[in-house]
Amino acid sequence: MRSKLPSEVANFIDNFLQTQYKVTMAQVREDLDEEGFKQEAAKLNAFFKLDIFYPEGAQPFIKRAHRPGDAAFAELAEQLQHKAVRKLFLVRAYEHPEWGVIYRIYVGTDRKKGSQYFFSYYLTKVAENYKIIAQYLINDSHTGWEWSQGLRLHKQPMTFAGVWRFIEPAKEKDQEDYGSEEGIDYLNFGAKKPLAQQIAQMAPLPEKSIVVERIGTIEPDNSANLYFARCLELLMGRFFTHGFFRNGPDPFAASLPWQELADAVQFSKEIVSILREADCTALESEGDGVYFPFVYCGDMLLDGLPDFAANDDVPPGTVVKYDTLEDRECLFWYDDFAEDYAADLDETSLSAFKSIHGKMKAVLTDLVEFSIVNGTEFPVIIGGTFAPGIFAGVITIRVQT
């Protein structure tokens, strides 16, 4: 591609790499105690948001693994002899059916081997600003990339759109990729029928004007998909503005109960709005997971669980844990913990949780909390039957190590 990299993209990449370098150097400054490092990190983060891997409410990216005086601290300081911004080798562009143009940048390490591939970052525009939505790490043989963070883009359809080259890497296998147009791992990104084409071929939505009037544009919910990226494989589906849909079922099928879905989405959005305004986050969690609306269309199991939450319908090695909620004094905690939360939560958050409890009890039946667990971070869903075949409630991420 002979055209210049768009200036907005080039500036984003430069700012990101420069600030990442400053944070790395701050990590090995002996003159910064723990409080001094936090202040330095906060200053850098104010300049350029380094927690871009984690949309709203998730863990910050800036951390310090070792402190001055530790043996590991001295070892890390010795490793960082390269003392330079990571090399930017090239940028490739892809067309994605949901995200539009995605730019993929290939960079080296911040250590001695700075002239070979190490990280691959994917960035795109989210709302008004560019964000890094995925991070990959080169494998040992330098023949492909292993997912590290964010969206699992290698499992999604993308169409190659162009390449910009800057610095040739030193490693032979990297040079092979650098010299090609699409990249030697491009086959992982092919798609015979992108989602955009599938949507274009679908029949017009019944009563579309009524549905759009109630819930807005009917499309993939990029905000939720980005936030739950690390849990989507457990859920085996994606979020849309009109609900959560498992892989396989058509989220635009004419047979869907559109009016009831719109009502359920409105209800879920309303209760999430109250929780967010009160700064309510996931309870019994080491991370401050925020709440999102959750609406699902399908059959309900005996205890009120959506049909996909059966233990034999989740990924291998995954366990579904659930509890029926009809008898709880508050849906969000066990009765035994009521006094603890009354003491620990501020009055606004406590009031919001209890308010949502009342709203959900008034509207939903067969109330249930369930989590789909495989690892330390997993989705937790609280809700119940809104109408025959429709589950509604809220979803968040719980972290337990």
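Is Asp336 buried or exposed? Asp336 is exposed, with a relative accessible area of 70%. Hi everyone, and thanks for coming. Please keep in mind that we are looking at a predicted model.

Let's stay with Asp336 for a moment. You will find Asp336 in the loop that runs between β10 (319-324) and α10 (338-344). On the surface, Asp336 gathers with Asp327, Glu329 and Asp335 in a patch of negative charge.

Now let's turn to the aromatic rings. The structure holds 34 aromatic pairs. Take Tyr227 and Phe292: their ring centres are 5.0 Å apart and their planes sit at 35 degrees, so this pair is tilted. Tyr227 belongs to helix α7 (residues 222-227), while Phe292 belongs to strand β9 (residues 292-297), so the pair ties together parts that are 65 residues apart in sequence. Both Tyr227 and Phe292 are buried.

Ring pairs link Tyr227 and Phe292 into a cluster with Phe228, Phe239, Phe244, Phe294, Tyr296, Phe308, Phe370 and Phe391.

One last stop, then: where is Val314 found? Val314 is in the loop between β9 and β10. If you trace the chain from Val314 to Val373, you cover 59 residues, and the C-alpha atoms of the two are separated by 9.7 Å.

Conventions: Residues numbered from 1 in each chain as written. Predicted model: local features only at pLDDT ≥ 70, side-chain atom pairs only at ≥ 80, totals over all residues. Heavy atoms only, no water. Patch = residues over 30% accessible without salt bridge, like charges linked within 9 Å, V, L, I, M, F, W, Y side chains within 5 Å. Areas by Shrake-Rupley, 256 points an atom, 1.4 Å probe, with all protein chains shown as cover. Salt bridge = Lys/Arg side-chain N within 4 Å of Asp/Glu carboxyl O. Lys, Arg positive; Asp, Glu negative; His and termini not counted. Charge placed at Lys NZ, Arg CZ, Asp CG, Glu CD. Helix = DSSP H or I, 4+ residues; strand = E, 2+ residues; numbered from the N terminus. Buried < 20%, exposed > 50% of the residue type's maximum accessible area, 1.4 Å probe, protein only. Phe/Tyr/Trp six-rings, centres within 6.5 Å; stacked < 30°, edge-to-face > 60°.
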